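Hi,

Here is the structure I said I'd pass on. Have a look, and my notes follow below.

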Amino acid sequence: MLPRRGVYEPMNDFTGGRARFQWRVRERVFELGTRTLIMGVVNITPDSFSDGGRFLEPARAVAHCLDLIEQGADILDLGAESSRPGADPVSAAEEADRLLPVLEQLRRESNVSVSIDTYKSAVARQAIEGGAQIVNDISCFRFDPSMARLVAGSGAGVVLMHMRGQPRNMQKMPPSPDIAAEIRGDLAKALKVAYSNGIERDRIVLDPGIGFGKTVADNLLILNRLSMLEEFRLPILVGASRKSFLGRILGVPEDRRDWGTAAAVAASILRGAHLVRVHDVEHMCMVVKVADAILAEEVRHD
């Protein structure tokens, strides 16, 4: 079932085309498809896999946010609970205590669009009241049934991300017999929940969930076949930045995976992604500009 709202143009991964959409996030509207938007990651946590502990102190987190804006981030994704493999959940109160001081100060410093990486409606509600425009729910509404109603009533945009299991057990799950079919089926269920709660389709972005219970082969298949999501006629976000599958391929730790991230970012754009979620905004901006130029066939021989 597809609601009437929203604009869709057919995707064609291999001839330079990309679906175009308007993404409504409260009072703002993003035009998606002509250029790739960059979502900068800000982890306000002690234990995130890439930069846990670096930005737990609010002043340092806000300074990092402002740096990412200067480097070219279109959206900042603030997260105050780690979703790394094996991570234990934290309470909504603790998550909010980490998040809200950063959001409050950031709103005084910048009008950048802010996404809140949470699956808890209590945290999302406070963040939206504090000026956030997007909810990035890694659970696709599975962990908190109230989240869909909150998003519907707030006018916020939402990212629905696919995850197998939960952070504490996702990497212990047996491999999926058909990861593409599993992703499509689970996202279809999440969209049914979204639509039944009154969330219009032009407020929704889909994320196939690189990592999050997938094997290396699964992740490569997802990046190479983003067109598997074409049936939903919705924008696509890809978050491959510094993920463990890159480490498995390259044999390097998190802080040496940016070259691998660059390859994954370029591939995802050429396969139809509308947004990319990254840690290293400065350098990924350059990757995005070149990939967008190739996709638009703007590069010509001298």
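Asn43 sits opposite Gly79 of strand 4. That comes from the pairing of strand 3 (residues 37–43) with strand 4, which is parallel and runs over five bridges; strands count as paired if DSSP finds at least two bridges between them. Before you read on: this is a predicted model, where local features need pLDDT of at least 70 and side-chain atom pairs count only at pLDDT 80 or more, while totals for chains, interfaces and linings use all residues. Numbering starts from 1 along each chain as its sequence is written, and side-chain values use heavy atoms, with hydrogens and water left out.

Strand 4 also pairs with strand 5 (residues 113–117), again in the parallel sense and over five bridges, and there Leu76 stands opposite Val114.

So which way do the residues of strand 4 point? Ile75, Asp77 and Gly79 go one way and Leu76 and Leu78 the other, and all are buried, meaning under 20% relative accessible area with a 1.4 Å probe, protein chains only. Strand 4 spans residues 75–79, and five of its five residues are buried.

As for the whole protein chain, there are nine helices and ten strands (DSSP runs, numbered from the N terminus: H or I of at least four residues for helices, E of at least two for strands). Of its 302 residues, 54% are buried. Taking contacts (heavy atoms within 4.5 Å) between residues at least 6 apart in sequence, 68% join residues at least 24 apart.

Cheers

Key. Buried means under 20% relative accessible area, exposed over 50%, partly exposed in between (1.4 Å probe, protein chains only).
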